[in-house]
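Biologist: I have the sequence and the fold open side by side. Could you walk me through them while I ask questions as they come up?

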Amino acid sequence: MTSRERVLKAMRREGKPDQVPFEISWGAFTPRLMEVYREKTGSTLDVDEYFDFDIRSVNLCPTKKTTDFAKYFDEVADNATFDEWGVGAIPGSEEHFLEYTYHPLAKCETAQDVYDYEWPDVDADYRFEGMAQKVKAYQDRGYAVVGELYQTIFETAWLLRGMEELLVDFYVNQEVAHAICEKLAQLRVRQAEMYAAAGVDIIRLGDDVATQRGPMMSQATYETFLKDRTKRIVDAGKAINPDVLYFIHNDGKVEDFAQNLVDIGIDILNPCQPECNDLELLFERYGDKIAFWGGIGTQSTMPFGSPEDVRAKVRYVQETLGRNGSLLIAPSHILEPEVPWENVEAFIDAVKRARYQ
């Protein structure tokens with residue numbers, strides 16, 4: 001089987017592929033581990049090419065729009081950087097981490113204030129130029145292709161508004177909360193349509209709505225602000241291409257929450273974080289409804305286990321979440337600098353050997 005055939009068979013829950021598909025989440029290491037990768041392998045290739053992951057990803061072309069976001073703030077630190085949404089951050093204390101300090105919608109008082117904001121052009125046609133050709137080139141090489149649409153609604157909403165402010169809005173300023181979530185949903189619907197038209201196999205959503213103890217909001221709040229809007233994004237892509245699959249990244253404890261994802265048509269659950277979820281329970285509840293992607297702990301096995309622990313965990317995840325073949329094995333997030341290189345090699349070796357009986 002080609003990588004694409006393998007991934008699609010597994011993610012469509014059509015039985016067991018010839019071997020277990022895999023990746024390292026988002027094809028990335030943190031900067032220091034990337035330096036180790038270059039040193040150990042001597043390779044100048046991207047990680048996904050060197051290790052030959054079963055997927056490749058595509059993303060938007062860079063924006064041509066320029067906006068002076070500093071005008072939304074009283075003062076800005078010299079080392080602050082802003083993304084195209086107008087969210088500003090200063091460097092954190094470690095690696096690639098940032099402290100999100102500047103929230104451009106923090107002072108909005110009404111829905112009209114929200115709609116008057118200078119929103120980015122993430123849905124503009126030119127942002128998708130050449131994507132269909134890139135998708136086809138990857139597929140012709142035998143890879144499944146993922147279109148990136150993470151930080152879909154909730155995460156971008158709180159980055160724009162501020163976490164505390166948005167959570168308060170859910171109860172005392174619902175006009176503003178609805179306006180932010182609705183504007184984001186409209187942009188994401190258009191992006192999903194464009195990704196589906198470009199021919200991607202999977203559209204990758206992501207909204208962390210749980211802590212490691214459970215959902216960070218009530219079921220009623222999720223339904224009021226996020227559930228139907230996320231379903232509109234799913235429906236939009238499937239209206240263009242009924243075969244496109246939807247992946248969602250939800251960190252944290254989702255054992256009780258995941259039924260919502262099944263309800264709205266999500267096909268693939270990620271990352272199946274083992275530190276706070278019972279993987280056997282996840283399979284028992286949802287194994288006949290959704291495929292799984294992930295399962296290898298980046299807070300436990302990858303940084304602190306031995307190479308044999310890593311191999312054993314790969315076998316366990318395959319035997320648990322992959323019981324019916326509907327699994328793509330991956331670490332639960334990108335790999336941090338604490339991960340020993342020997343554990344990276346053990347993971348790659350184990351997943352490349354993983355077969356179904």
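Biologist: Let me start with the largest cavity: how many residues line it, and which lie nearest its centre?

Modeller: Please keep in mind throughout that this is a predicted model. The largest cavity is lined by 13 residues, and those nearest its centre are D207, V209, Y222, T230 and I248.

Biologist: What volume does the largest cavity have, and how many cavities of 30 Å³ or more does a search of the whole structure find?

Modeller: The volume of the largest cavity comes to about 90 Å³, and the search of the whole structure turns up one cavity of 30 Å³ or more.

Biologist: Which element gives the most to the lining of the largest cavity?

Modeller: That is α9, which contributes three residues, while β6 and α9 are elements that each supply at least two residues of that lining.

Biologist: And the largest pocket, what is its volume and which residues lie nearest its centre?

Modeller: The largest pocket has a volume of about 1400 Å³. Its lining is made up of 48 residues, with W26, H96, Q151, H333 and I334 lying nearest the centre. Several elements supply at least two lining residues each, among them α2 (31-41), β1 (55-58), β5 (144-150), α6 and β6.

Biologist: β6 came up for both linings, so let me ask about R204: where is it found, and is it buried or exposed?

Modeller: R204 is found in strand β6, which covers residues 202-206, and R204 counts as buried because its relative accessibility is 1%, where the cut-off for buried is under 20%.

Biologist: What is R204 in contact with, leaving aside its neighbours within four places in sequence?

Modeller: The contacts of R204 beyond those neighbours include E23, W26, S57, E148, Y150, F247 and W293. One of these, F247, also stands opposite R204 in β7.

Biologist: How do β6 and β7 run, and how many bridges join them?

Modeller: They run parallel and are joined by five bridges. Together with helix α9 (residues 219-240), β6 and β7 make a right-handed β-α-β unit.

Biologist: Why is β7 described as largely enclosed?

Modeller: Five of the five residues of β7 (residues 245-249) are buried, so the strand is largely enclosed by the rest of the structure. L245, F247 and H249 point one way from β7, whereas Y246 and I248 point the other way, and all are buried. In a regular strand, side chains alternate between the two faces of the sheet.

Biologist: Switching to helices, how many residues of α6 are buried?

Modeller: Seven of the eight residues of α6 (residues 154-161) are buried, so this helix too is largely enclosed by the rest of the structure. The buried residues are F154, E155, T156, A157, L159, L160 and R161, and what covers them includes β4 (98-102), α7 (163-172), α8, β6 and α9. Just after the helix, G162 takes a positive phi of about 100°.

Biologist: How many residues are in the largest nonpolar core, and which have the most contacts inside it?

Modeller: The largest nonpolar core has 95 residues, and those with the most contacts inside it are F29, F292 and F347. The largest share of this core, 13 residues, comes from helix α8 (residues 174-198). There is also a second, separate core of 15 residues, which includes V7, L8, A144 and L245.

Biologist: Last topic, the sheet with β2, β3 and β4: which strands stand at the edges?

Modeller: The three strands form an open sheet in the order β2-β3-β4, with antiparallel pairing. β2 and β4 stand at the edges with a single partner strand each, so one side of each is left without a neighbour in the sheet. Strand β3 (residues 88-91) pairs with β4 over four bridges, and P91 stands opposite L98 in β4.

Biologist: How exposed is T81, and what is its relative accessible area?

Modeller: T81, which lies in strand β2 (residues 81-82), is partly exposed, with a relative accessible area of 47%. Leaving aside neighbours within four places in sequence, T81 is in contact with V87, G88 and A89.

Conventions:
Residues numbered from 1 in each chain as written. Predicted model: local features only at pLDDT ≥ 70, side-chain atom pairs only at ≥ 80, totals over all residues. Heavy atoms only, no water. Buried < 20%, exposed > 50% of the residue type's maximum accessible area, 1.4 Å probe, protein only. Contact = heavy atoms within 4.5 Å. Core = buried A, V, L, I, M, F, W, Y, C linked by side-chain atoms within 4.5 Å. Pairing = 2+ DSSP bridges. Right-handed = clockwise from strand over helix to strand, strands pointing away. 1 Å grid on protein atoms, 1.4 Å probe; cavity = no way out; pocket = protein on both sides within 12 Å on 5 of 7 lines; lining within 4 Å. Points joined across faces, edges and corners; volume = space filled by probe spheres on them.
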